[in-house]
Amino acid sequence: MNRVCLIGRLTQKPELRNTNSNLAVTRFTLAVNRNFSNSQGEREADFITIVAWRKQAENICRYLDKGSLVSVEGRIQTGSFDGQDGQRRYTTEVVADQVNFLETRSQSQSRQNSSFNNYQQPAPSMDFSEPAPMNNVDLQDDPFADFGDSVSIDDNFLD
């Protein structure tokens, strides 16, 4: 069985292309955090190439941007080609069967604005007397508002 399930963030805005037979296709890289920390206590990520076709490719390019959180289900595909230097090159990528958007558009925009503001302004002084407000988040439009910070799935559920 060749089945892959990933959750990660896009490393850049995907671009829509068309094959010679006019099929829509996009290829993007997904940054997937590892489940453990390295010897310096930092979490590392793997950067995995994803390929999506047809309407799914069109929707990905229309609605997703750099940093968008998605889940991808698909299969691993390997291939090879001869480079311009005559050397054989090998490729490994995930061909997506299903891509789920895991953030609402407002959450994505809020995250992007927050990241932009963090780089453009000096850090504010920290006051821990009350929680920080949730800026630019409209909880009425958020279908995941009642889910809390994390989701726990019992491993015995799959048995």
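**What the labels rest on**

Analyst: Let's start with one side chain: that of Glu103 reaches the backbone nitrogen of Leu69 at 3.4 Å. This is a predicted model, where local features need pLDDT of at least 70, side-chain atom pairs count only at pLDDT 80 or more, and totals for chains, interfaces and linings use all residues. Residues are numbered from 1 along each chain as its sequence is written, and side-chain values use heavy atoms, with hydrogens and water left out.

User: What makes the pair of Glu103 and Arg9 a polar contact?

Analyst: The two side chains come to 3.2 Å. A polar contact is a pair of N or O atoms within 3.5 Å; within protein, one must be able to donate a hydrogen and the other to accept it, and residues adjacent in sequence count only if both atoms are side-chain atoms.

User: Why is Glu103 called buried?

Analyst: Its relative accessibility is 17%. Buried means under 20% relative accessible area, exposed over 50%, and partly exposed in between (1.4 Å probe, protein chains only). Glu103 is therefore buried. Its place is the loop between strand 6 and helix 2 (105-120); helices (H or I, at least four residues) and strands (E, at least two) are DSSP runs, numbered from the N terminus.

User: Why is Ser71 called buried?

Analyst: At 12% relative accessibility, Ser71 is buried because that value is under 20%. Ser71 is part of strand 5. Leaving out residues up to four places away in sequence, Ser71 touches Leu6, Ile7, Gln98, Val99, Asn100 and Leu102, where contact means heavy atoms within 4.5 Å.

User: And why does Asn22 count as exposed?

Analyst: Asn22 has 59% relative accessibility, which is over 50%, so the label is exposed. Asn22 sits in the loop between strand 2 (17-18) and strand 3 (24-37).

User: What makes the phi of Asn22 worth a remark?

Analyst: Asn22 is not a glycine, yet its phi is positive, about 65°. Most residues other than glycine have a negative phi. Arg54, in helix 1 (residues 54-63), also has a positive phi, near 60°, and is not glycine either.

User: How do you know that strand 2 and strand 3 pair?

Analyst: Two strands pair if DSSP finds at least two bridges between them. Strand 2 and strand 3 have 2 bridges, in the antiparallel sense, so they pair.

User: How many bridges join strand 3 and strand 4?

Analyst: There are 10, again antiparallel. Ser37 has Arg43 as its bridge partner in strand 4. These two strands form a hairpin with 5 residues between them, and Gly41 in the turn has a positive phi of about 80°.

User: What is the largest nonpolar core made of?

Analyst: A nonpolar core is a set of buried Ala, Val, Leu, Ile, Met, Phe, Trp, Tyr and Cys residues joined through side-chain atoms within 4.5 Å. The largest one has 16 residues, and those with the most contacts inside it are Leu6, Leu30, Ile50, Val70 and Val72. Strand 1 (4-10), strand 3, strand 4 (43-53), helix 1, strand 5 (69-82) and strand 6 (88-101) each supply at least two residues of this core. Not counting residues up to four places away in sequence, Leu6 touches several residues, including Leu30, Ile50, Val70 and Val72.
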